[in-house]
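Hi everyone, thanks for making time this morning.

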Amino acid sequence: MRMTFRRLIGDLSVLGVVGGLTACGGGNESVGPNAVAAAPTAMSGVLRVGTAVEVASGESGEKIDGAVFTVNGREYTSSQGQITLTEAVALTSEVRIVAPGMLERRTLLREPRAPRFALWPQTSTSGMDEAYTRAIVYSHPEGAGPLRRLSRGTTHVAVVPSEDLRGEEEMAAHREAAERVTAASGGQVVYTVETQRPASGVYVETRLARENDDLCAGHNILAFEQDFIRSAETVRAVIVYCDPKSARTAVVSHEMGHTFGLYHSPDSKELMYAFFDGHGAVDFGARESLEMRLMLQRPGGNQFPDDDRSVGATGAGGTHVIVCPGSAPPGESGSRPTAR
Ligand SMILES: [Zn+2]
């Protein structure tokens, strides 16, 4: 079963390439700390002796004891969620944090004052584990890749259905999707359905497929989602419904999950399941929601398991496509969906 799933994902990458997929890799300039919206600050460039550094869980916010924090070859162990620097450390020094139950964090010291590191849990009571995180956050159609997310600082996303999707059922499905993705993000990003593109900010346009939408030609493709990426983060997206019925079901919510940055879930009981046909889960589950909230604590370009040392501020742009089939292609040996 697993082999089949992997092979299908591999096959979908063919479509992605045809669609003009560009990897959203990182550059060299460092930007953005764990605290998502914090602007880069021009400070003295050194953290002084005695600076307190906090280590906490990205899920619960609870302080973590016994985390081993390494900077400049010096190890500190957190007590009551804190370590205190015993020597000065230059900003942008590399940091490694190993803590029980958490993914190993590799990053740069970017916060000059009261730095705080929120760690990504390995597992949680939501059922999330490392393999799940890898699948839903880091599995691009073309293979393992960096975390992809809404442009940092985004608190509102306007969803703009095209004229042919303004029917009652379609609009209701879009409003429902907007509410679900908003709730799943913990209200940190509010999606609203609009009838006009906003003058600024992130927006998602949705429309029915046109004849030249080759990505719809594969086996039972319900929809595809395309991101426009700047500095490894999504600035706008388009959802295309290959099957008009998809615009009236929870497929809209599934596609909205892609605009947020989620990939596909391996779990057939979840909204982000790879072969979601609109009749399974109609809402994001606890672990999908947890992954979303953790993603907001990281810059786009973060690498699995949890490394943002090479995240770039500029240059990494392009488009990115996720194709969503409603069922597996026929034939165990994998008849390849074709984009032509
Ligand atoms: Zn999908």
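Predicted model: local features only at pLDDT ≥ 70, side-chain atom pairs only at ≥ 80, totals over all residues.

Arg207 stands opposite Val240 in E17.

Residues are numbered from 1 along each chain as its sequence is written.

Back to E15. It is also joined to strand E13, residues 156-161, by five bridges, and those two run parallel. There, Val159 stands opposite Val204 in E15. Buried here means 20 or more other C-beta atoms within 10 Å of the residue's own, exposed means 12 or fewer, and partly exposed is in between, with C-beta atoms placed from the backbone.

Let me zoom out for a moment. The protein chain has five helices and 18 strands, and of its 340 residues, 45% count as buried. Among contacts with a separation of 6 or more, 73% are between residues 24 or more positions apart. A contact is a pair of residues whose C-beta atoms, placed from the backbone, lie within 7 Å.

Now, which residues have the most contacts inside the largest nonpolar core? They are Val55, Leu119, Ala223 and Phe224, in a core of 75 residues. Domain 1 (2-30 + 145-325) and domain 2 (46-119) both contribute residues, so this core lies between them. Those domain bounds come from an automatic or database domain assignment. By nonpolar core I mean a set of buried Ala, Val, Leu, Ile, Met, Phe, Trp, Tyr and Cys residues joined through C-beta atoms within 7 Å. Leaving out residues up to four places away in sequence, Ala223 touches Ile239, Val240, Tyr241, Cys242, Ser246, Val251, Glu255 and Cys324.

Val55 takes us to another sheet, where it stands opposite Phe117 in E9. Strand E2, residues 52-57, pairs with E9 in the parallel sense over four bridges. The sheet is open, has three strands in the order E5-E2-E9, and its pairing is mixed. Strand E5 (82-84) and strand E9 (116-119) are the edge strands, each pairing on one side only.

Next comes an open, antiparallel sheet of four strands in the order E4-E3-E7-E8. Strand E4 (74-77) and strand E8 (105-108) each have a single partner strand, so one side of each is left without a neighbour in the sheet. Strand E3, residues 68-71, and E4 are joined by four bridges, and Thr70 has Glu75 in E4 as its bridge partner. E3 and E4 form a hairpin with two residues between them, and Asn72 in the turn has a positive phi of about 50°. Further along, four bridges join strand E7, residues 94-98, to E8, where Arg96 stands opposite Arg106.

On to the helices. Seven of the 10 residues of helix H5 (residues 286-295) are buried, so this helix is largely enclosed by the rest of the structure. Those buried residues are Arg287, Glu288, Leu290, Glu291, Met292, Leu294 and Met295. Their cover includes helix H2 (130-138), E12, helix H3 (168-184) and helix H4 (251-260).

H2 has its own buried set: Tyr132, Thr133, Ala135, Ile136 and Val137. Seen down the helix axis, they fall within an arc of 165°, so they line one face of H2; the arc is that of the directions from the helix axis to the C-beta atoms. Strand E10 (139-140) and H5 are included in what covers them.

Arg148 is buried, with 25 other C-beta atoms within 10 Å. From Arg148 to Asn302 is 8.1 Å, C-alpha to C-alpha, although they are 154 residues apart in sequence.

That's my tour, and I'm happy to go back to any part of it.

Methods:
Contact = placed C-beta atoms within 7 Å. Pairing = 2+ DSSP bridges.
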